[in-house]
Amino acid sequence: MSGPGEPILAVDRLDVTFLGRRRHEKVRAVADVSFAVRQGETFGVIGESGCGKSTLGRAIVCLTRPSAGRILHSGQDPFRLSARALRRHRRGFQIVFQDPNAALDPRMTILDSVREPLDVGSIGTSTERRRTALAMLDRVALSQELALRYPHELSGGQKQRANIARALVLRPRLIVCDESVAALDVSIQADMLNLFMDLQREFGLTYVFISHDLRVVAHISDRVAVMYAGKLAELAPAEALMQRPLHPYAQALLSAEPEPRVPVAGEKRRIVLKGEIPSPLAPPPGCRFHTRCPIAKPECASREPEWREFEPGRFVACHYAGTRLAGSMGSAQTVLDGALAGPADGSVPRLQSIRKGGDQQ
Ligand SMILES: Nc1ncnc2c1ncn2[C@@H]1O[C@H](COP(=O)(O)OP(=O)(O)OP(=O)(O)O)[C@@H](O)[C@H]1O
Ligand code: SF4
Ligand SMILES: [Mg+2]
């Protein structure tokens, strides 16, 4: 049941399992994940490729059905609705993908693509739908002239603005942004993030912001969840995570930034992780990170760490949470996912032109 104190989104012991290619093979893409998101919050999700971010995002907007556990929208389980009611309910929970072309039909003008969700839902008269779509395109800074073009006649950034307008016409309450700025040129990324933040204030939106880019996520998120091999490793307020990550994996991610923030033995050094990212077909027993964790102890291979509130508002899954990684982690080069490791040349953090979440226009 829905109640006034309910979070807009609660993910309750969520599992999403896919069938593998071979018989009896199962991919547990999301494994026992729980968290809640407040109305108006920006909730970041980071982790390496294949750790289950998109699967989680798709489940949140009801594009993928949980194998176990629940997704609750303001206390209500949308998967208990009838197919018709679910279609209607989904208007309030939208997703913007990484690929700007994903939701735009190449045979339709931008205006038609943006008004399509209104047409499908028969929302308002035809004139009203056109007016609403044009107003939303204007709001994301796409002129009427651009609105009448086809997708191939727009830049990547312009197409992504059209995708945002398309998601917004249905006046959603929550938007999952799945790597929504990752395919864009660095200079355009800052514009897009500013637009996301402006729209959030204007429409009272809640975001689940999925990204490889820790700096982007930490900058715009109120809280950040760190995912590893289908599970949450840590969940903390963004600032606290950036200043003092508690989970060894979160510490390694942060140290891979161009400007490492984790002091190691009195200096700032990269923490080098050895080993491969585990296959979701056969995740390691015990703690899933034990095959790469620099401080793993024998019990880590046999006993799975609990997801616990380590400090008020800070959750972590590690038997030795808060242990600061010390010394070199070996001579092998980093095997952290390249996209997380930041520019190899250590070039400028690209967030200078992004306003802080609380800044006014
Ligand atoms: N429909 C599917 N059928 C089978 N396996 C799937 C399916 N979708 C995802 N997977 C698998 O689930 C795991 C998690 O995939 P997911 O796309 O959620 O990862 P991700 O964290 O979003 O990765 P990336 O950062 O590369 O986008 C991967 O091993 C992937 O191969
Ligand atoms: S439980 Fe053990 S292996 Fe897992 S992160 Fe903590 S120390 Fe490392
Ligand atoms: Mg993904």
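Analyst: Happy to. H1 lies across S1, S2 and S4, and runs at about 60° to S2. Contact here needs C-beta atoms, placed from the backbone, within 7 Å. Axes are lines fitted to C-alpha atoms, for helices over the stretch in contact, with angles from 0 to 180 degrees between N-to-C directions. Helices (H or I, at least four residues) and strands (E, at least two) are DSSP runs, numbered from the N terminus.

User: Good. What should I keep in mind about the model and numbering?
Analyst: This is a predicted model, where local features need pLDDT of at least 70 and side-chain atom pairs count only at pLDDT 80 or more, while totals for chains, interfaces and linings use all residues. Residues are numbered from 1 along each chain as its sequence is written, and chains are lettered from A and ligands numbered from 1 in the order in which they are written.

User: Which strand order does the sheet of three strands have?
Analyst: That open sheet runs S2-S1-S4 with antiparallel pairing; two strands pair if DSSP finds at least two bridges between them. S2 and strand S4 (68-73) are the edge strands, each pairing on one side only. From one strand to the next, the twist averages 25°.

User: How many bridges join S1 and S2?
Analyst: Eight bridges, in the antiparallel sense, with S1 covering residues 9-19. Val-16 stands opposite Val-30 in S2.

User: Switching to ligand 1, which residues come nearest?
Analyst: Phe-18, Ala-29, Ser-49, Ser-54 and Thr-55, out of 13 residues around ligand 1. Near means a C-beta atom, placed from the backbone, within 6 Å. Strand S2 (26-37) and helix H1 (53-60) are the elements that give two or more residues to this shell, and H1 has the largest share, three residues.

User: And by class?
Analyst: The shell around ligand 1 has five nonpolar, seven polar and one charged residues. Ala, Val, Leu, Ile, Met, Phe, Trp, Tyr, Cys and Pro count as nonpolar, Asp, Glu, Lys and Arg as charged, and the others, Gly among them, as polar.

User: What about ligand 2?
Analyst: Ligand 2 is surrounded by 13 residues, the closest being Cys-287, His-290, Cys-293, Cys-300 and Cys-318. Its shell has 10 nonpolar, three polar and no charged residues.

User: Nice. Now the sheet of eight strands, please.
Analyst: It is open and mixed in pairing, with the order S5-S6-S7-S3-S8-S9-S13-S12. Strand S5 (93-96) and strand S12 (308-311) are at the edges with a single partner strand each, so one side of each has no neighbour in the sheet. Within it, S8 (residues 223-228) and S9 (residues 231-237) pair in the antiparallel sense over six bridges, and Arg-223 stands opposite Pro-237 in S9.

User: Last topic: how does H6 pack against H7?
Analyst: H6 (residues 156-168) and H7 (residues 186-203) pack at about 15°, with axes 11 Å apart. That makes H6 roughly parallel to H7, a label for angles under 35 degrees, with over 145 roughly antiparallel, 65 to 115 roughly perpendicular and the rest oblique. The contact is made by Gly-157, Gln-160 and Leu-168 of H6 and Ile-188, Asp-191, Met-192, Leu-199 and Phe-203 of H7.

User: What does H3 do with H6?
Analyst: The axes of H3 (residues 110-120) and H6 come within 7 Å and cross at roughly 25°, so H3 and H6 are roughly parallel to each other. Ile-110, Ser-113, Val-114 and Pro-117 in H3 meet Ala-162, Ala-165 and Arg-166 in H6.

Definitions and conventions:
Contact = placed C-beta atoms within 7 Å.
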